[in-house]
Amino acid sequence: MNLVKDNKKMRIPYFPGCTLKTTAKNFEISALAVAELMDIELVELPRWNCCGTVTSLTSDDLMRHLAPIRNLVRVEEMNENGEIKDEYRLVALCSMCFNVLKRSNLRVMENSEELEKINNFMYLEKDYNGKVEVIHFLELLRNIGFDKVKEKVKYALTGLKVAPYYGCLMLRPKEMGIDDPEDPTIQSDLLVALGVETINNPFKTRCCGSYQTVRDKYAVAELTYDILSRARKEGAELVTTSCPLCMFNLAGRQKEVMEKHPEFKPMPVLYFTQLMALAFGLDEKYYGFDQNYIDPRALLRKKDLLN
Amino acid sequence: MRIGVYVCHCGGNISEVVDVKKVAAFAEKQPDVVLVRDHEHMCSEVGQKLVIDDIKEHKLDKVVIAACSPQFQGSTFKATLEKAGLSPYVLEMSNIREQCAWPHFDFPEEATEKAKELTSIAIAKARLDEPLTKKTFPIGKRVLIIGGGIAGIQASLDLGDAGFDVYLVEKNPSIGGKMLQLSRTFPTEDCAACILSPKMADVPANPNIHLFTYSEIEDIKGYLGNFEVTVKKKPTYVDPAKCTCCDDCVDVCPVAVPNELDEGLSTRKAIYLASPIAVPHSYVLDDKACLGIFPLACGKCQEVCDPGAINFDVYPEEIKFTVDTIIVATGYDIFDATQKKVYGFGRYENVITALDMERMIVYASEGNPMRPMGKRIAFIQCVGSRDEQVGNEYCSRICCMYATKLSQLLKRSDPTRDIYVFYTDLRAYGKGFEEYYKRAQGDGVKFIRGRPAELIEDSQTNEITLRVEDTLTRNIIEAEFNLVVLSVGLRPNRGTEKIADFLRLAKSPDGFLQEAHPKFRPVDTLTDGVFVAGTVQGPKDIPDTVAQASAASSRAIRLMNRGEYDVDPVMAFVHTYVCDGCGLCIEQCPTNAISLTSRDENSDKSLYPKVAKINEALCKGCGSCIASCPKYALDLHCYTNEQMLAQIKAALADKKDGEVRILVFADDMACYRLADNVGTAKMSYSLDSRIIRVPSGSRISPKLMLQAFSLGADGILLGESEEKSSPYPNSIATIKSNISKVKDILEKEKINGNRVRFVQFVTVMLSGFVNNINSLSDFVRKLGPIPSEGLKRLDKDIDKRLFGESHDK
Amino acid sequence: MINKIVITSENVDFLNKISELSDQIITRCDQCGVCSGSCPMIADMDITPSQMMRMVQLGRQEVMESKAMWICASCFACTVRCPRGLDLSRVAEALRQVKLRQAIDYIDINNISDDEIERLPQIAMVSAGRKFTG
């Protein structure tokens with residue numbers, strides 16, 4: 001724990017979520033590395049707990065908002081005990097975690113009675129005072145400026161045709177979305193800074209099937225097939241995402257897609273931070289390609305982008 | 001002073017409950033009362049004659065009639081007084097029928113006591129009545145009509161023909177509005193240009209109409225009878241007297257810009273004719289599109305112009321004139337479909353708006369629709385209307401019918417086309433509409449009930465895939481189309497905002513201009529002398545627009561025709577010897593009727609050089625200004641501060657130990673009327689109530705309320721109409737502010753603030769009225785009387801507490 | 001089979017319960033169908049989302065036996081597009097919760113094969129657990 005603040009570096013609380021520590025380790029590794037290069041230190045939230053995605057949508061289920069709020073208490077604590085100085089923004093990488101944390105935060109901000117109940121219930125925790133602002137890593141990059149991202153690019157990914165995929169939870173519902181839910185551009189703006197040729201996939205905001213993958217993997221496979229086929233039809237060679245579940249459904253389930261559609265050729269899916277790591281010319285250990293369901297290296301070699 | 005009091009039996013309606021003889025006997029004992037009579041039917045010819053004879057014989061100078069509601073027979077008795085040579089404003093009525101005998105039919109003794117007190121209140125007011133007369137202001141015959149679409153054109157012709165002086169201002173180079181762009185009109189399929197053209201030609205032909213095209217309103221100041229208008233006329237650089245419309249200039253002009261007439265589907269040159277049927281029929285040089293005039297960059301058009309009609313040495317003109325009335329007819333704009341991102345307008349090649357389609361059909365009839373039409377065409381209804389996601393909840397009214405029209409025209413001109421209309425409701429409400437819809441169905445246009453969720457474009461073929469649920473069969477349809485037409489809704493024209501600001505015109509929740517009353521004054525606004533017509537007031541079709549335009553003309557003629565107009569003297573006035581010219585009242589007035597002016601040295605000796613002045617042409621008589629004056633210099637004719645206090649005293653003077661008094665200040669528009677309705681329905685409420693009539697509750701200043709408590713009131717209820725029905729803008733805000741000041745002071749003296757209440761009523765809330773009165777009465781009875789120490793302290797330093805130091809200045 | 005339905009006060013209770021639990025004024029739905037047109041999961045549903053709303057409006061408790069509310073992926077596409085400003089995802093959640101709170105789970109975790117459990121990321125298990133179990 002480095003309490004001495006480096007003047008150039010931005011130190012900002014960061015919520016990883018469970019999957020980023022396991023099946024999506026490559027997401028975290030690449031993200032932390034590219035953040036560091038941009039002088040951002042993503043400081044992991046101490047004693048964080050699972051966010052409990054997907055957010056509870058009934059009017060009375062206050063219990064299910066305890067877990068997200070408890071994480072927000074941690075952010076306030078970090079500021080109070082000096083671990084972080086004056087930074088109440090909480091960065092999330094996983095779109096689903098971002099959605100839950102932000103929605104619970106908005107809910108208690110609009111309803112002080114519910115906040116009081118939650119604070120009273122978690123009497124062993126400090127009270128949540130409503131100071132935290134939950135943001136997505138893409139938002140952080142947008143605030144800093146994608147031109148700053150461009151400055152760090154060592155090897156522009158020219159000629160790589162990428163269709164960014166957004167999914168649902170970083171854009172909807174409107175009050176917490178980070179971009180227009182029908183026509184988002186935030187990911188493609190980032191990718192353009194990396195030198196990529198961005199492809200518009202009309203299905204970029206269509207749901208990947210989310211948790212239905214547990215109940216009916218072939219239903220999800222159909223969605224994957226539609227989303228990726230259309231991306232390919234528009235000219236894409238690679239798809240990026242910002243959510244471990246979207247990653248699993250779009251990439252992991254390609255096995256089921258090929259069972260039902262034998263003519264389907266595998267399409268690599270990467271986290272956008274992995275492309276950033278590649279473009280920044282970081283060491284290979286930060287790419288995390290080993291963990292990807294569909295290895296992108298063949299494609300990258302063909303495009304002469306793998307140094 | 002000689003007051004005559006008449007107590008009416010009302011054919012038993014009153015006398016069966018209230019002992020009228022006792023009320024008459026009571027009245028006789030009151031100071032200044034010289035004559036008292038009771039009679040079976042005061043409003044009958046006999047009764048009225050009695051009053052007239054008495055006035056003459058006994059030289060009465062004030063008259064009090066204890067009978068029915070003044071809102072019932074008030075105007076009858078006012079006319080009676082006028083016939084006898086008295087001012088109608090020295091009449092007071094005490095409402096012992098609707099507000100006494102009828103609601104309290106079960107308690108004749110108590111009702112009689114209350115009737116006495118109500119009469120005493122009326123007498124107290126009458127004592128201070130002044131013999132006022134209606135005010136008359138001169139008015140001329142000049143009208144400004146803003147907007148030269150079909151509404152403006154119709155209104156101009158009506159008023160011009162009627163002999164009025166019309167100034168018609170239109171921002172485009174030609175009049176005609178949106179109708180110029182339409183192909184045919186539903187349900188008759190008249191050619192829009194053909195029916196519009198002769199009307200347009202009539203405008204310059206009418207000697208009473210002064211037409212200003214390519215002109216905009218820069219400023220409007222003033223009020224009814226005296227609107228000072230400033231118009232800025234843009235230079236056209238072409239002299240219409242010389243221009244022969246030969247088109248030579250167009251041929252040589254090097255600039256091409258999107259043609260507004262065709263919604264950008266075609267181009268025009270910098271010098272152009274706005275429409276084939278443009279009025280004035282003359283070319284216009286668009287100096288924003290032109291390569292440059294100062295310094296001259298090109299000049300080719302002038303070189304080739306044989307008649308020498310083109311002149312670059314012209315400048316914008318500022319024109320000023322004064323008018324008496326104004327009609328706002330600025331029309332609409334279509335909804336900006338790029339806001340509805342799911343439909344891809346602006347991004348997808350084959351998604352267009354209905355107005356685009358209108359233009360395409362006009363050209364298609366000549367063989368070239370400007371862009372491909374295709375065979376499979378879909379219409380999507382409710383784009384930008386009935387949609388909370390884009391912030392427009394309202395229905396735009398004409399889209400169902402224009403889609404029915406466009407789809408039929410397309411189908412009939414090429415039956416091999418496959419045409420679908422995707423709707424949520426098909427609204428064919430007007431004359432001939434349902435039959436027209438049936439015709440479309442018969443022609444083979446397919447109507448599918450479902451709102452398309454999204455459109456997706458194939459990037460190679462540009463075909464549009466549409467996904468929708470057919471809600472009638474619960475199937476999901478995913479189909480491809482060559483062309484998708486968005487049936488866009490209407491928005492108020494962007495030029496309306498500025499005009500609304502100049503004239504202080506309110507907007508309805510949907511963003512269109514608000515009419516004075518939705519049922520009975522649909523073309524008036526709350527600004528006297530300003531009317532609205534056409535789509536600026538709300539989406540509507542051509543017949544309704546034309547009807548409104550004629551209606552607005554008729555309303556304007558009604559004001560202007562006699563050469564003068566009358567205004568009730570119920571208006572604010574200034575006690576100039578008290579006023580110190582602080583100007584705090586000016587902001588309070590919702591109609592900007594108050595200004596500061598220099599004193600007339602001879603008549604007005606005062607330390608203060610400035611004094612407040614009321615513009616009687618603007619004052620509505622709401623009384624909102626009264627509470628804002630720290631010196632109590634502002635007052636209201638017919639409801640003066642003195643009169644209000646006298647009525648309050650009279651209401652409380654005979655209060656006995658153990659009795660409770662609830663003073664109800666009821667506004668003319670809603671609460672007083674409602675109380676009458678309650679009585680008429682024979683519904684009972686607490687006998688503790690004493691209703692005092694006011695034009696608006698905003699007239700009741702915090703000081704009056706506190707004085708009422710000091711004098712013995714146990715509770716006060718202010719009843720007012722709802723904001724949206726109120727003729728007094730800002731009254732609600734004023735009342736709320738006054739009440740909160742009173743509550744604060746009461747609480748400070750440990751008196752329960754809930755003794756004073758404010759309720760907004762509508763005239764049908766009968767049980768609402770009863771419940772509010774009864775609950776306040778129960779509440780104050782439970783609390784018990786106000787402790788006398790609290791009352792004594794209430795009297796102290798009221799003014800300082802309300803106004804702080806500004807009172808003592 | 002053409003159904004004849006009878007609307008009684010019991011039906012209204014069901015509508016009120018779901019309205020309260022979802023915090024939506026369900027009677028405002030005018031059945032335009034935008035939700036169904038936007039739904040990515042509709043191919044597997046037995047009733048459409050707008051049909052689900054209709055059944056709740058009429059207080060038809062049979063809607064609880066439908067598959068549709070379980071097939072919902074909580075993607076909120078309907079939410080951002082509803083022209084009446086209704087949040088259908090919350091109505092679906094309310095219907096699910098009525099069942100789940102009766103201790104009737106929709107899936108049995110034990111039925112998931114070991115291979116699948118090995119493959120599935122935690123996030124899938126957590127969210128599936130949240131939506132399908134009580």
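Helices here are DSSP runs of H or I with at least four residues, and strands are runs of E with at least two, numbered from the N terminus. Keep that in mind as you tour this predicted model.

**Stop 1: a tyrosine in chain A.** Select A:Y165. Is A:Y165 buried or exposed? A residue is buried if 20 or more other C-beta atoms lie within 10 Å of its own. A:Y165 has 26 C-beta neighbours inside 10 Å, so it counts as buried.

Next, show the contacts of A:Y165, skipping neighbours within four places in sequence. Select A:N201, A:K204, A:I227 and A:V239.

**Stop 2: where chain A meets chain C.** Show both chains. Here 34 residues of chain A are in contact with 35 residues of chain C. On the chain A side, pick out α8 (212-215), α9 (217-233) and α10 (244-252), which each supply at least two residues. Colour the side of chain A that touches chain C by class: you get 17 nonpolar, 12 polar and 5 charged residues.

**Stop 3: inside chain C.** Select domain 1 (9-102) of chain C, then domain 2 (106-134). Their C-alpha centres lie 24 Å apart. Where the two touch, domain 1 of chain C gives 5 residues and domain 2 of chain C gives 4 residues. The domain 1 side of this contact has 2 nonpolar, 1 polar and 2 charged residues.

Methods
Residues are numbered from 1 along each chain as its sequence is written. Chains are lettered from A and ligands numbered from 1 in the order in which they are written. This is a predicted model: local features need pLDDT of at least 70, side-chain atom pairs count only at pLDDT 80 or more; totals for chains, interfaces and linings use all residues. Domain bounds come from an automatic or database domain assignment. Two residues are in contact if their C-beta atoms, placed from the backbone, lie within 7 Å. Ala, Val, Leu, Ile, Met, Phe, Trp, Tyr, Cys and Pro count as nonpolar, Asp, Glu, Lys and Arg as charged, and the others, Gly among them, as polar. A residue is buried if 20 or more other C-beta atoms lie within 10 Å of its own, exposed if 12 or fewer, and partly exposed in between; C-beta atoms are placed from the backbone.
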